[in-house]
Amino acid sequence: MYAVIATGGKQYKVAEGDIIRVEKLDAADGASVTFDNIIAIMSDKDVLVGDKVANSSVKATVLKTAKAKKVTVYKYKPKKGFHKKNGHRQPFTEVKIEAINA
C-alpha cells in the first residue's frame, strides 16, 4: 500500500518504511508528524481518491533537519564587467513514514 501526500507545495509517493526529504517542517528531531493532506491511497485492490481519503492520514517521525548541498548561482553580463556570485543551501526535513491510516 502506498499514498500520495502533499506538503511544502510538492507531492510525494510514500509507503511504510520510506525515508523522504520534504521542505523544512517546524518540528524537532525525533518528533512525530502527521500529514493530513492526502491526495490518493493505492492498495493492491483499489484506489481511493477525493472524499474517500478525507479522514486519512500518514504518520511519520522526524529523523533530522538540515541544509542541502550548496548550489552556486553565478550571474555574468559580457562586455559590461558585471559578475555576481551567490550561493544557496535549501533547508529540508528528513522523515521516516511509519503508518498509512486509510
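**Strands and sheets of a predicted chain**

Reader: To which sheet does strand 4 belong, and what is the order of its strands?

Author: Strand 4, residues 32–35, is an edge strand and pairs on one side only. The other edge is strand 3, residues 19–23. The sheet is open, its four strands pair in the antiparallel sense, and their order is 3-10-7-4.

Reader: How many bridges link strand 4 to strand 7, and what is the bridge partner of V33?

Author: Strand 7 covers residues 57–67 and runs antiparallel to strand 4, with four bridges between the two. Along this pairing, S32 has T61 as its bridge partner, while F35 stands opposite V58. For V33, the bridge partner in strand 7 is A60.

Reader: How many bridges join strand 7 to strand 10?

Author: Strand 10 spans residues 91–101 and runs antiparallel to strand 7. One of the bridge pairs here is V62 with V95 of strand 10. The number of bridges joining strand 7 to strand 10 is 10.

Reader: Is T93 buried or exposed?

Author: T93 is found in strand 10. Its relative accessibility is 0%, and a residue under 20% is classed as buried. T93 is therefore buried.

Reader: Which backbone atom lies 2.9 Å from a polar atom of the T93 side chain?

Author: Leaving aside neighbours within four places in sequence, T93 is in contact with I20, R21, V22, E23, K24, L25, V62, K64 and T65. One of these residues, L25, supplies the atom in question. At 2.9 Å from a polar atom of the T93 side chain lies the backbone nitrogen of L25.

Reader: How far apart in space are T93 and Y74?

Author: In sequence, T93 and Y74 are separated by 19 residues. From C-alpha to C-alpha, their separation in space is 27 Å.

Reader: What is the order of the strands in the sheet that contains strand 1?

Author: Strand 1, residues 2–7, pairs with strand 2 in the antiparallel sense over six bridges, and I5 stands opposite Y12 of strand 2. The edges of the sheet are strand 2 (10–15) and strand 6 (47–49), each pairing on one side only. The twist from one strand to the next averages 15°. This open sheet of four antiparallel strands has the order 2-1-5-6.

Reader: Why is the chain considered more spread out than a compact globule?

Author: The chain has zero helices and 10 strands. For 102 residues the globule rule gives 13 Å, and the chain is more spread out than a compact globule because its radius of gyration is well over that, at 19 Å.

Reader: What percentage of the residues is buried, and what percentage of the accessible surface belongs to carbon and sulfur atoms?

Author: The C-alpha atoms fill a box of roughly 65 × 30 × 20 Å along the principal axes. Of the 102 residues in the chain, 27% are buried. The accessible surface is about 7100 Å², and the share belonging to carbon and sulfur atoms is 49%.

Notes: Residues are numbered from 1 along each chain as its sequence is written. This is a predicted model: local features need pLDDT of at least 70, side-chain atom pairs count only at pLDDT 80 or more; totals for chains, interfaces and linings use all residues. Side-chain values use heavy atoms; hydrogens and water are left out. Two strands pair if DSSP finds at least two bridges between them. The radius of gyration is taken over C-alpha atoms; the globule rule is 2.2 Å times the number of residues to the power 0.38. Buried means under 20% relative accessible area, exposed over 50%, partly exposed in between (1.4 Å probe, protein chains only). Accessible areas come from the Shrake-Rupley method with a 1.4 Å probe; for residues, only the protein chains shown count as cover. A polar contact is a pair of N or O atoms within 3.5 Å; within protein, one must be able to donate a hydrogen and the other to accept it, and residues adjacent in sequence count only if both atoms are side-chain atoms. Contact means heavy atoms within 4.5 Å. Axes are lines fitted to C-alpha atoms, for helices over the stretch in contact, and angles run from 0 to 180 degrees between N-to-C directions.
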